[in-house]
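Hello,

Here is the structure I promised to pass on. Please open it first, then read my notes below.

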Amino acid sequence: MSEVSLVVNGRKVSGAVEDRTLLVHFLREHLGLTGTHVGCDTSQCGACVVHVDGKAMKSCSMLAVQASGSTVTTIEGLANGADLHPVQAAFKEHHGLQCGFCTPGMIMTATDMIRRHPEGLDEATVRAELEGNICRCTGYHNIVKAILAASKTMSKASKSKAKKAA
Amino acid sequence: MYSVNYHRATSVADAAKKIKSGDAKYLAGGMTLIPAMKTRLAAPSDLVDLNHIADLKGIKVSGKNVTIGAATTHFDVANDEKLKKVCPALSHLASHIGDPAVRHRGTIGGSVANNDPAADYPSALLALGATIVTNKRQIAADKFFKGLFETALKDDEIVTAVTFTAPARSGYAKFPNPASRYAMTGVFVTKGKDGVRAAVTGAGDDGVFRSKEIEAALTRKFEASALEGVTVPSGSLMGDIHATPEYRANLVVVMAKRAVMAANA
């Protein structure tokens, strides 16, 4: 057993876990944050993607103890109260889901992708960057549309913020 | 996953001390080891985490000399501006390992120490004539990769960095398995002051190897056209549900052509 302590969605949390506990199980079973899903369990499907210290990672492929001391954001931590995050809003607007199982991982991957491409995204880049996220319903079309739309919204928002600051 | 004891190393010396407990294994990015433990293909009693050792991280480029710390992630190798200038083929290779989330965690040291026969980095280090630096010695890539998941590393030895001199030209091309995205065949070619080297991953039945047929053809002329009609023997190539040895032999030539085109672009 090890004592782990980390910041999850802005909240300090700690607990005693078996060393073999995966981060995803710590989030789901110890913290009750069941938005992060376990899909394939072989690190291919991406339903378990969360941000660890600001970077997208597969929480089924790391131990909770490895993440001790880190800052983690899950799908539950994206919205600002009742206001959806722009990526969540775009998935809703463009119907970027059907059954919804892959959606948390898709959205966490998408927000990371948009952060890494402040210059904007094109369709080919979005499709290539979605390599580690599998959706068995949508054929990806609306997911790609939603990510492109969110990328536009977010770059506009950051530009107008920069303008205001200037 | 079987029960395991986790230890976080604070320095290379600390890690070398902690590895002595039970049947311990070093844990780098864990992108292979953790999934292998989940399926119980690996069952170490203890894990010694190398991710929090600052000395093992980062990329140094001085002229043509490159040093990459063992705990440097694929993402950082793919995006380092200085490295992209002196050896864009290696950054390109790193940018196509796994997926973005895997590249954020997986490390070059972990990849070469694991020596998966379908991993990308071993072909690059062999073709670059790189040196693998450990906490005990320096090992030439030619002597480091010994076979399937086999390296020259002793049980308690830690890869601390890889170093190489960037060649004038280098290129990498792989044919990824459509499902796993691992290289079914990947070829890394270089042309430096010591001549041409071509290393093949994903195809050999004993892991990464240099192809003397490809090297001979490209030594005559470092262009894709030099590989027209060249054949590679299939006797020591892998055959599985995805591809026969003969199919892989053909892929070696095709990937070598693409790699040379990338190197000359």
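How do strands β6(B) and β10(B) pair, parallel or antiparallel? They are antiparallel, and four bridges link them. β6(B) covers residues 131-134 and β10(B) covers residues 159-165. Look for Thr131(B), which stands opposite Thr163(B). One reminder before you go on: this is a predicted model.

β6(B) has another partner. Strand β7(B), residues 138-140, also runs antiparallel to β6(B), with three bridges between them. Here Val133(B) faces Gln138(B).

Now check the faces of β6(B). In a regular strand, side chains alternate between the two faces of the sheet. Thr131(B) and Val133(B) are on one side of β6(B), Ile132(B) and Thr134(B) on the other. All four are buried, so both faces are covered.

Next, the domains. Chain B is assigned domain 1 (5-49), domain 2 (54-165) and domain 3 (169-264). The C-alpha centres of domains 2 and 3 of chain B are 19 Å apart. Across that boundary, 19 residues of domain 2 of chain B contact 25 residues of domain 3 of chain B. On the domain 2 side, α8(B) gives the largest share, with five residues. That side has 13 nonpolar residues, five polar and one charged.

Last, the two chains. In chain B, 19 residues touch 24 residues of chain A. β1, α2 and α6 of chain B each supply at least two residues of that side. It divides into nine nonpolar, five polar and five charged residues.

Best wishes

Conventions:
Residues are numbered from 1 along each chain as its sequence is written. Chains are lettered from A and ligands numbered from 1 in the order in which they are written. This is a predicted model: local features need pLDDT of at least 70, side-chain atom pairs count only at pLDDT 80 or more; totals for chains, interfaces and linings use all residues. A residue is buried if 20 or more other C-beta atoms lie within 10 Å of its own, exposed if 12 or fewer, and partly exposed in between; C-beta atoms are placed from the backbone. Two strands pair if DSSP finds at least two bridges between them. Two residues are in contact if their C-beta atoms, placed from the backbone, lie within 7 Å. Ala, Val, Leu, Ile, Met, Phe, Trp, Tyr, Cys and Pro count as nonpolar, Asp, Glu, Lys and Arg as charged, and the others, Gly among them, as polar. Domain bounds come from an automatic or database domain assignment.
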